[in-house]
Amino acid sequence: MKKEMYAFVVPCSARPLVFDESRCVGCNRCAEVCQVDILIPNPEKGRPPVVLYPGECYYCGSCVMACRQEGAIRLQHPLMNQAKFVPVRHAADAGEEKPLPAEKRRG
Amino acid sequence: MNLYKWPYKNEFGEEEIVQSDVLVLGGGLAGCYAAIAAARRGKSVVLVEKGATERSGSAGSGFDHWESACTNPCSQVTAQEIAEAYVNEQDGYSNGIGHYIECQEGYDRLLDMESFGGKIRDTEGEFKGAEFRDDETGLMFAYDYKNRFTLRVWGSTFKPALYRELKRLKVRIYDRTEATALMTETVNGRKRGTGATGMNVRTGKFLIFQAKETVLAMSRPARVWLFNPDLTGLCEFRPMQSIGSGHAMGYRSGVAFTMMEKSVKAEFSSAGRSFPPYGTGNNHNTWYAATMVDARGVEIPYVNRDGEELKTVSERYYPAPGQKFFLKGGVIDEPKYEYRGPETLPFDELMRRGYQLPFYADLSRMPEMERKVIWGVMVGEEGKTKIPILKNYTERGFDPQKHMLQSYGNGWQSASFLPQERQLFGAPGGILTDWDLRTNLEGVYAAGDQLYAADCCGFACATGYYAGRKAAQASEHAAFGEIDRAFCEREKQRLYAPVQREDGMSWKELNMAIAKAMQNYCGGVKCEDLLKEGLDLLLHYQNDAVPQLCAANPHELMRTHEVLDILTVSIMILQACLMRKSSSAPLCFERSDYPQMDPPENDHFITISLDDAGNVVRGDVPMGFFGDLKTEYERHNQDYINGEPDRVDRG
């Protein structure tokens, strides 16, 4: 039972966490608070933790909330989950007739 | 470099024995409050949490609204009214005990939270003058502005505050430790809990938690039907590691469950079918009552329960003429007429009237305070929204005054699932308890999402505290049981087996197989033969696949243990489905061989448990077994009503 243990990075289709090496001081606060324990401290002190299991991230943001170095860690949803938004649009702008006697409001 | 030396100590084979009066399994909201209640009574308390208590559990990163705080100073409803409404709303398949506790004691827990440093009111006056704010107390309300029993709260401050309080009370916290099995002993023919076993998920150390009383406060099951081996963390609504281990270990030890036949068509799985919760335009829950528009920018009307179109935003937050109050939030999906609140027109009606997809949430059309509270407090304080939604969308350029956020599909889930893609959601099954929240095993209590038909953070906090104080009281008359060495050795072997194999099957392969089996054999429409085939297949997995499982380090081993628990729960679900020989609307349970809906002879709770020989035992419990809620609550809680005289620590 006392054999040497290893861990591989298990890649996935997304990249939930991106570290900014110039800002991260390697304090490992994010690794300590991560509920799914997907990070391990970097073997090189002072460098960002290693994301061993990116596919297990559930995108809660606790790591970013715990980080004391603004901008050192970025959490991002997979591209397919980045919802679309557009400038506000009003029926009158498009010259459309309203289907209902709904009240007309602007702004 | 992709290969790393395991950075933590190797403690496989090492053992630690930990004693406490009260042992709490699970460090989410329910578990934290259970521990606090027991510690306030001067008991020694141990809390076991697989993640890190500071942010663990379903509400770890936050939550935005606290339901049923009926005793807050602005409330226009009583605990009895709302608790009974929840029971009626679910046709009796509801946790009357838990709901009454939530309605009666929830606000006390909020005041506790404030004393720990959590933010429960608008202390800075940011929303001064808003219709939803009481300017005397600074409390802010959601949904029903007339009756004021659901509070908007700053839930992202809650778990760190609880964590500090646990440390102040000297609760011994075992983070990064999974609870794996309940320990029991049988004395004079009565089985009682004596604690639990666990494993450190970073080092592999085996732990024996010996306790006079144990509180199960872990999650509801997940990853039963839904699994994605690529984006595993996104395949369910709740946190990746919250998969129902408490249910599994309870079931293995003889704890009785009910409503385990209930599952609903999935609502969230953002590994594919849906978007991240609250991250798309919608008008439910966190986003209630956002203004919705169609593709052309035509506003979608809100109507009251009588179909009358509402003219103003404000009207969306008030009961209909002649209606005392309405219900919204967590488990409330399509409520009965009696409790139905304002809602946008049904999708089919919108299509008929010529509204065009896609729809959007357009907060720019709302009064400033309503816009700011949805985008900034609700989205922001709700779990998983502060960083990945509020912060990231803002950085991407989203401005709620200038942009509208798209909806997907045709419902608030922004998703479209198949009938066989199911989840334990909307008040699912769990542990049945008495009025002390004690299970059928002496010395074992349950709280939060481990209770059947549980819902909402207020429910978790209130039932957690309640279970903790009942357990603390019981511990005064209890002694430590004997440690069953043979049981511990068997458990250790079970836990360590996968890490002792050099080669074999990964946890993902088994989880994927279970999910596919559950979709095939326990989908939208069920029948005897299909369920039995499913059970046969899962038992085959248990006998033939489990012995092949392999893990390289404690982390992988933890994931492997989770899948073993998912397998146990899946088997329990199939067995529970086989027991109910009729269909049921409130249980979302359809059987092709027993199509009759809720026949009177079956209209009650069916319980499921294992006896000591491992046989499945059915029980039948009448609807309304909990009695008159107010009367029974008061009968069991005179001490609490009289100011908790047994409290030693008064903060």
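**The interface between chain A and chain B**

In this predicted model, 85 residues of chain B are in contact with 63 residues of chain A, contact meaning heavy atoms within 4.5 Å. Residues are numbered from 1 along each chain as its sequence is written, and chains are lettered from A in the order in which they are written. Local features need pLDDT of at least 70, side-chain atom pairs count only at pLDDT 80 or more, totals for chains, interfaces and linings use all residues, and side-chain values use heavy atoms, without hydrogens and water.

The two chains bury about 6,700 Å² between them, 55% of it on carbon and sulfur atoms; buried area is the accessible area (1.4 Å probe) that two parts lose on being put together, summed over both. On the chain B side, B:Tyr4, B:Arg296 and B:Arg396 lose the most area to chain A, together 10% of what that side buries.

Five salt bridges are counted between chain B and chain A (a side-chain nitrogen of Lys or Arg within 4 Å of a carboxyl oxygen of Asp or Glu). One of them joins A:Asp37 and B:Arg202, at 2.8 Å from N to O.

Several elements of chain B supply at least two residues each to the side that touches chain A, among them β1 (3-5), α9 (386-395) and β16 (403-406). Helices (H or I, at least four residues) and strands (E, at least two) are DSSP runs, numbered from the N terminus. With seven residues, α9(B) gives the most to this side.

Strand β6 (residues 85-87) of chain A pairs with β16(B) in the antiparallel sense over three bridges, pairing requiring at least two DSSP bridges between the strands. Within β16(B), B:His403 is the bridge partner of A:Pro87.
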